[in-house]
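Hi,

Here is the model I promised to pass on.

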Amino acid sequence: MNGGTAQHFAAPSLHAMGRVVLQTLLFLPLVMLQACTTNPVTGESEFTLMSEAQELKIGEQYYLPTQQSQGGVLKIDPALSAYVSEVGQRLAAVSDRELPYEFVVLNSSIPNAWALPGGKIAVNRGLLTTLENEAELAAVLGHEVVHAAARHTAQAQTRGMLLQGALLGSMIGAQGSDYANLIMAGASLGAQLITQRYGRDAERESDYYGIDYMLRAGYDPNASVTLQEKFLALAQDRGRNPSWFEGLFLSHPPSSERIENNQQKVAGLELAGRDLELGESRYQQAVARLAEAAPAYDLLDGAYREIQQDDLEEAMAKLRRANAMLPQEARFDGLRGDILLKQQRYREAVATYTAALAKDDEYFTYYLGRGVANARLGERVAAKADLERSAKLLPTATAAMELGDLALAGNDRAAAKEYYRVAAQAGGDVSKRAAVAYTRLDMQENPASYFRVRSATDERGRLLAQVTNASPVSADGVQIEFRILVSGRVKSGVRRIGTLASGESRVVDAGVRLPAELAGDPGKYDARVIAARAR
């Protein structure tokens, strides 16, 4: 037995810790040797803990959820999406690494472009309206193709794992292990990967070799310079367009150094006599419809700002005007549905979300909003279907919490617990509520999980236990079992302490005095919570 409960363990000895460190140091060269790879773009030897198969798995698994989390696919202009994909594939064809490259246009005003491992690349409409020609688009996409081809995400993840001291955990069962599972913490991984700041070397490589890709594909590399000049000018005009700092500049910070590097690179190329493309007229034709839609999207962005300032009526007015300008765009109905849901106008919200889904049935937030509205109306079957569809497109704490509530209303406690458990892992206010809901269901089945118990004896040999409610809820019917080891046999007794508020501690007397030989040996007694129920 132990002086505490099973939840308390003795610290490892210095000798044992030293042995682990020694084993780690001896094993480290072997792992590093196995993890050394050649960068397909630069030809240099590099250290990475992510295999190519794992890169492909991450890209494939998180491409669609990351699109959902970054605004969803732009639906109103399929021809534009096909055009961007055509330009992207032209660059991918001349890259140094064969990958299943894919390119998609997302429905977001934030000017951004990103690449997931395995060649899964996206560009936002907010960036497309900033560019002037196809060569500048090629500079953007070529930069992202290099990130994928040169395995920059794998390198960044390896650095992060090492810096966080996760190498030892990664090395356990290193042969045949799946490192992708170690870094996939949930649906937010894709967003974390695309917003991480690459190292300066990775950014330089993507700029440098992206220009090579442009040239191989027949584009004028001078566009790489004008592109960076645009970015720097916008960065310096931060007050006019702060959304840039939420997007592209977060992971791709512009600088005069990048402009100078690109200028030097282009100056050293043999361009004389080559028929290189800017593609200005072709690009302007491709984005013409998006340019016409710009005023409607400006109203959408304005509506978001009005909502932040709690002026819902003005937001509604802007959305109605935007819808009149661009009736085929689902975003306007979707945001109107969000406002109606906030105003508890649930039937109107259901109808408005349904209108949005008629225009775009592949965006999670419309299903999520309609599911919540249907749940409030007591339409459980419809709510469950919508929430499940939303979670399939992009798992969220809100959907899991709502599905847990529906399961509990249907008296399916096991399903409710699982939904609450999932929701509780996400962080934020919804997760806190889910943790409380989960605890209310689980405490009666697993009471010891929610209490800290420390047992000890006082100077007179009385056996005591300090019990702390570590759960987020108050508990009733708390019972403590004391156990004493006497002559090889365990004797036990139970004490009831009634109610214990969240965070409250109480000292409980077992009602026995131990002889000196037992009182002086903490291994001979302990205590644990054996019963409790959430209030």
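This is a predicted model: local features need pLDDT of at least 70, side-chain atom pairs count only at pLDDT 80 or more; totals for chains, interfaces and linings use all residues.

Helix 13 covers residues 256–267. Its 12 residues reach 16 Å from the first C-alpha to the last, close to the 16 Å expected. Arg258, Ile259, Asn262, Lys265 and Val266 are buried in helix 13. They all sit on the same side of helix 13, because they cover an arc of only 130 degrees around its axis. Gln264 and Ala267, on the other side of helix 13, are exposed.

What do those buried residues pack against? The buried residues of helix 13 pack against helix 5 (134–149), helix 10 (200–217) and helix 11 (222–236).

Helix 11 is also where you'll find serine 224. Serine 224 is buried, at a relative accessible area of 4%. Leaving out residues up to four places away in sequence, serine 224 touches Ala139, Ile211, Met214, Asn262 and Val266; Asn262 and Val266 are among the buried residues of helix 13. A polar atom of the serine 224 side chain also lies 2.7 Å from the backbone oxygen of proline 221.

Strand 8 (residues 475–486) pairs with strand 9 over 10 bridges, and isoleucine 484 has lysine 491 in strand 9 as its bridge partner.

Cheers

Definitions and conventions. Residues are numbered from 1 along each chain as its sequence is written. Side-chain values use heavy atoms; hydrogens and water are left out. Helices (H or I, at least four residues) and strands (E, at least two) are DSSP runs, numbered from the N terminus. The expected span of a helix is 1.5 Å times one less than its number of residues. Buried means under 20% relative accessible area, exposed over 50%, partly exposed in between (1.4 Å probe, protein chains only). The arc is that of the directions from the helix axis to the C-beta atoms. Contact means heavy atoms within 4.5 Å. A polar contact is a pair of N or O atoms within 3.5 Å; within protein, one must be able to donate a hydrogen and the other to accept it, and residues adjacent in sequence count only if both atoms are side-chain atoms. Two strands pair if DSSP finds at least two bridges between them.
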